[in-house]
Amino acid sequence: QVQLVESGGGLVQPGGSLRLSCAASGGVLSVGTMNWYRQAPGKQRELVATITSGGGTTYANSVKGRFTISRDNLKNTVYLQMGSLKPEDTAVYSCNGNIRGGLGWQTYGGQGTQVTVSS
């Protein structure tokens, strides 16, 4: 059974950096387009960044120039490098995307990791 597990969240001061990881495991044959989302309390879920299988990337305007999405296909892992963090970046960050496993191509999502930006 394919699973996505996020890690790397935590408490960071404004202006600081964090790197989130999203690791796919459990019979993964191939990883397609992957996304990072975030959801703050009382707000709608926001698409933060996307990376295609070929490495093409797109970002929300709110994080452009501060966040970088990347992937390591050998490790079946996608990363979100976050810099110049602001209090408004506080949210639960989760990944999802298209993965080929024993059931063919399916969309999977992780449970999320909390990021808190506060002094």
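This is a predicted model: local features need pLDDT of at least 70, side-chain atom pairs count only at pLDDT 80 or more; totals for chains, interfaces and linings use all residues.

Trainee: How many salt bridges does the count come to?
Mentor: Happy to start there. A pair counts when a side-chain nitrogen of Lys or Arg is within 4 Å of a carboxyl oxygen of Asp or Glu. By this rule the count is 3 salt bridges.

Trainee: How far apart are N and O in the salt bridge of arginine 38 and glutamate 46?
Mentor: The cut-off for such a pair is 4 Å. The side chains of arginine 38 and glutamate 46 meet in a salt bridge, with an N to O distance of 2.8 Å.

Trainee: Is arginine 38 buried or exposed?
Mentor: Buried means under 20% relative accessible area. Its salt-bridge partner glutamate 46 is partly exposed, at 26%. Arginine 38 has 8% relative accessibility, so it counts as buried.

Trainee: Aspartate 89 also forms a salt bridge with arginine 38; how many residues apart in sequence are the parts that this pair ties together?
Mentor: The closest N and O atoms of aspartate 89 and arginine 38 are 2.9 Å apart. Aspartate 89 sits in the loop between β8 (77–82) and β9 (91–101), while arginine 38 belongs to strand β4 (residues 30–39). The pair therefore ties together parts whose separation in sequence is 51 residues.

Trainee: Where does arginine 66 lie?
Mentor: Arginine 66 meets aspartate 89 in a salt bridge, 2.7 Å from N to O. Because aspartate 89 is in the loop between β8 and β9, this pair ties together parts 23 residues apart in sequence. Aspartate 89 counts as buried at 1% relative accessibility, and arginine 66 counts as buried at 14%. As for its place, arginine 66 is in the loop between β6 (57–59) and β7 (67–72).

Trainee: Which residues are linked in a network of salt bridges?
Mentor: Follow the shared partners. Arginine 38 pairs with glutamate 46 and with aspartate 89, and aspartate 89 also pairs with arginine 66. The network links Arg38, Glu46, Arg66 and Asp89.

Trainee: Now the sulfur atoms: which cysteine does the disulfide join to cysteine 22?
Mentor: The count comes to 1 disulfide, with an S to S distance of 2.0 Å. Cysteine 22 lies in strand β3 (residues 18–25) and its partner in strand β9, so the pair ties together parts 73 residues apart in sequence. Both cysteines are buried. The partner is cysteine 95.

Trainee: What is the handedness of the link of cysteine 22 and cysteine 95?
Mentor: Look at the angle about the S-S bond, which is 70 degrees. The link of cysteine 22 and cysteine 95 is right-handed.

Key. Residues are numbered from 1 along each chain as its sequence is written. Side-chain values use heavy atoms; hydrogens and water are left out. Buried means under 20% relative accessible area, exposed over 50%, partly exposed in between (1.4 Å probe, protein chains only). Helices (H or I, at least four residues) and strands (E, at least two) are DSSP runs, numbered from the N terminus. A disulfide is a pair of cysteine sulfur atoms within 2.5 Å.
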